[in-house]
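Hello,

Here is the structure I promised to pass on. My notes follow below it.

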Amino acid sequence: MRTIDILVQGATVELFHFYGVAIAPADPGECREEARAHADPASMIEFSARGFSGVLALSANPAVFRAMTGLPPMPEGFGDWMREVANQLMGKIKSRLARFQIVLHTELPQLRSPGDVDRRSRGCKQQFYYSFRTLKGDVFVTMSGDFDDSSLVFSNASPLPLDGKIILF
C-alpha cells in the first residue's frame, strides 16, 4: 500500500468517525472501472505544493450526510456541508503530509458535476480511487495529480501544529 493511500484512507475514516458515521474502506478489488465515478454533485478542492499538485474530490450518498451527528440544519440541501466535509478532509490530509515536509496550498472547495471532476483529473499523471462503505451508503474519494513520491521525507518535526495543540501569539 502506498503512503498516500494510508494518509487519505486514515484521514477519511477519522473524519467520518468524528461525525458519528462508521466507515470502512471497501476492498480495492470491488472498485471496478464503472464504479469509479462520483455521485452528482461532488465537492472538489485543488491543491499544490513542491512535488504535489492536483485535485481532491469527495461525494457521498445523501443518507450518509443525514446520519452525521452535529450538523446544522440544511434546508437548501447538502451542498454547503459537502464542501465543508471535503475542506475538513483536505485539512486532515494536509496536516498528515506536513509530517513528510509537504506544505500544501489549497483552493476553496467547489461543487462540481462528476464530468467536471473527470475532465479535471484526466490530464493528471496519477489517479487514486478510494471507495468506502457505511450503513447508509457509499463514500467515494479521488485524488488526482502529479505526485513525486521521492518528495515524501518523514520527519517528527511537523511545520504545522497538531490537533489539540495550543498556539501562543
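Glutamine 9 sits in helix α1. Helices here are DSSP runs of H or I with at least four residues, strands are runs of E with at least two, and both are numbered from the N terminus. Glutamine 9 counts as buried because its relative accessibility is 17%; buried means under 20% relative accessible area, exposed over 50%, and partly exposed in between (1.4 Å probe, protein chains only). Leaving aside neighbours within four places in sequence, glutamine 9 is in contact with Met1, Pro25, Tyr130 and Phe132. Contact means heavy atoms within 4.5 Å.

Before going on, the ground rules. This is a predicted model, in which local features need pLDDT of at least 70 and side-chain atom pairs count only at pLDDT 80 or more, while totals for chains, interfaces and linings use all residues. Residues are numbered from 1 along each chain as its sequence is written, and side-chain values use heavy atoms, with hydrogens and water left out.

Next, the helix pair. The axes of α1 (residues 3–18) and α3 (residues 79–98) come within 9 Å and cross at roughly 135 degrees. Axes are lines fitted to C-alpha atoms, for helices over the stretch in contact, with angles from 0 to 180 degrees between N-to-C directions. The two helices are therefore oblique to each other: angles under 35 degrees count as roughly parallel, over 145 as roughly antiparallel, 65 to 115 as roughly perpendicular, and the rest as oblique. From α1, the contact residues include Ile4, Leu7, Val8 and Leu15. On the α3 side, Val85, Leu89, Ile93 and Leu97 are among them. By class, this contact has 10 nonpolar, three polar and three charged residues. Nonpolar covers Ala, Val, Leu, Ile, Met, Phe, Trp, Tyr, Cys and Pro; charged covers Asp, Glu, Lys and Arg; the others, Gly among them, are polar.

Two backbone points. Most residues other than glycine have a negative phi, and most peptide bonds are trans. Aspartate 40 and proline 41 are joined by a cis peptide bond, with omega about 0 degrees. Proline 41 is in the loop between β1 (24–25) and β2 (42–49). Glutamine 101 has a positive phi, near 65 degrees. Its place is the loop between α3 and β4 (105–106). Glutamine 101 is partly exposed, at 32% relative accessible area.

Finally, the whole chain. The protein has four helices and seven strands, in the order α-β-β-β-α-α-β-β-α-β-β from the N terminus. Of its 169 residues, 41% count as buried.

Best wishes
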